[in-house]
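This report describes selected local features of a two-chain protein model. Please consult the sequence and the structure shown below while reading.

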Number of protein chains: 2
Amino acid sequence: MNVLLIYAHPEPRSLNGSLRDFTIQRLRQAGHSVQVSDLYAMRWKAAIDADDSTDQDPDARFDPARDSKRAFDSGTQREDIAREQDKLRWADTVILQFPLWWFSMPAILKGWVDRVYAYGFAYGVGEHSDRHWGDRYGEGSLAGKRAMLVVTAGGWESHYGPRGINGPIDDVLFPIQHGVLYYPGFSVLPPFVVYRSSRTDEARFADLCDALGQRLDALETTAPIAYRRQNAGDYEIPALTLREHIAPERVGFAAHIE
Amino acid sequence: MNVLLIYAHPEPRSLNGSLRDFTIQRLRQAGHSVQVSDLYAMRWKAAIDADDSTDQDPDARFDPARDSKRAFDSGTQREDIAREQDKLRWADTVILQFPLWWFSMPAILKGWVDRVYAYGFAYGVGEHSDRHWGDRYGEGSLAGKRAMLVVTAGGWESHYGPRGINGPIDDVLFPIQHGVLYYPGFSVLPPFVVYRSSRTDEARFADLCDALGQRLDALETTAPIAYRRQNAGDYEIPALTLREHIAPERVGFAAHIE
């Protein structure tokens, strides 16, 4: 299997760095091919702007969506963007690994999403009609591939529990797992989350590697989160609200899981 | 009143640019002082790294939290970071204005949060004991100030409704409103959200300005979202879960609103 690891931490000698090294080794020992996008090491450009294509008219009004589509369609994207899209095409499984900063990704990883997810590649794909609202949420360019988050958090597990002050971890990660991964077609595996990340001694690190190793060994067999497909009958189109008879008592993020 | 507008869009001739100009004019006409951090125009550095302080030992292991604290305490932060913190101290109200990209902020704005929110400034503030878990979620360096989001989204309002496929807008914005704004002490006003942002003709733009203008006129009097205070008795400490008798039937983000 081809595995792409998108990794975002500034310090190789960190817990994240050690988990990254463990992940690569474990996957290669299992016979998988691994590519790594180490965003800090690559000095990844985070901010989408008019320099993201080679043919942008400097006097034209820059439109992030429209211009990313033109560049994607005409082969005039910046090379760093096109290269990441090629890696995504190559991958069977993608792992995003990052520390949870302010309840989301580090900026450099958000900038990978903003720039690599071009119009025509990750969104604006497929037919738009009164029965099909684009190939997204279960369909799309990345359908058939799997994705998983590996996340470190400073807070305690209880802080991210059902009644924890930070909100449930599944809800905190929903905009990423559902909005960034499921949207263009990935099947999303349950996340691997490390809590109290600053309190990791050697014994705990060994336990973490055991647990992560089991998840990596099971990448091909783990059941994905059962997000509902947009165009398979559960949603009204174009309102994109759940039909009345679908989980009629439920609202919010969890309603979008079967 | 002093109003700080943190603005993140790459194109001044966009809907966001027009709403920004309207906002500045409306606030100044009402007699407020306005400062703007136009992150694209400032070429804001998005990725936190060892260059964010002037006294980082190049051979030392970089720790984003610990090193931001050292730099904050010793006055060795990069000047761009210190300047934004000064603007936050100056402000009575802060507006974050941005397009919703992939259900979160643009990377350049996330990088403003990641870098300006130093340890000792926006987190790691106050006593940690078995009755008080730091000055956060209702207390903190920015307590007494107000904050509001102004957000444009490409999707329809129904897509962000209680049963909409993207998730309810209040939940999509919770990691920002609760996690980024309420956490260091801001009182958070309900957001101003523009849906179907790419379908804005002159008549609709006039309507949007009317609605936004009313929100700006009422910045000082609008009731904030009633998020629960961490250290005022609603939460177990240190588990930081809601006490049994507090909204006993509720879980998830909404449980943290009174």
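Where in chain B is Tyr137(B) found? Tyr137(B) lies in the loop between α4 (107–116) and β4 (146–152) of chain B; helices (H or I, at least four residues) and strands (E, at least two) are DSSP runs, numbered from the N terminus. The model is predicted: local features need pLDDT of at least 70, side-chain atom pairs count only at pLDDT 80 or more, and totals for chains, interfaces and linings use all residues. Residues are numbered from 1 along each chain as its sequence is written, chains are lettered from A and ligands numbered from 1 in the order in which they are written, and side-chain values use heavy atoms, with hydrogens and water left out.

Although not a glycine, Tyr137(B) has a positive phi, near 50 degrees. Arg43(B), also not a glycine, has a positive phi of about 50 degrees and is located in the loop between β2 (33–38) and α2 (64–74) of chain B. The table gives the accessibility of these and other residues, where buried means under 20% relative accessible area, exposed over 50%, and partly exposed in between (1.4 Å probe, protein chains only).

| Residue | Relative accessible area | Class |
|---|---|---|
| Tyr137(B) | 0% | buried |
| Arg43(B) | 70% | exposed |
| Phe192(B) | 9% | buried |
| His132(A) | 14% | buried |
| Asp210(A) | 49% | partly exposed |

Phe192(B) belongs to strand β6 (residues 192–194) of chain B. Residues up to four places away in sequence aside, Phe192(B) touches (heavy atoms within 4.5 Å) Met148(B), Leu149(B), Val150(B), Val151(B), Leu208(B), Ala211(B), Leu212(B) and Arg215(B). From Val113(B), Phe192(B) is separated by 79 residues in sequence and by 20 Å in space, C-alpha to C-alpha.

In chain A, His132(A) is placed in the loop between α4 (107–116) and β4 (146–152). Apart from neighbours within four places in sequence, the contacts of His132(A) are Glu127(A), Glu139(A), Asn231(A) and Ile237(A). Ile237(A) is in turn joined to Pro238(A) by a cis peptide bond, with omega about 10 degrees. Pro238(A) is situated in the segment after α8 (230–234) of chain A. In chain B, a cis peptide bond with omega of about 10 degrees joins Ile237(B) and Pro238(B), and Pro238(B) is in the segment after α7 (230–234).

Asp210(A) is part of helix α7 (residues 202–217) of chain A. Together with Asp201(A), Glu202(A) and Asp207(A), Asp210(A) forms a negative surface patch. Patches are made of residues with over 30% relative accessible area and no salt bridge, like charges being joined within 9 Å and nonpolar side chains (Val, Leu, Ile, Met, Phe, Trp, Tyr) within 5 Å; a salt bridge is a side-chain nitrogen of Lys or Arg within 4 Å of a carboxyl oxygen of Asp or Glu.

Notes:
Accessible areas come from the Shrake-Rupley method with a 1.4 Å probe; for residues, only the protein chains shown count as cover. Lys and Arg count as positive and Asp and Glu as negative; His and the chain ends are not counted. The place of a charge is taken as NZ of Lys, CZ of Arg, CG of Asp or CD of Glu.
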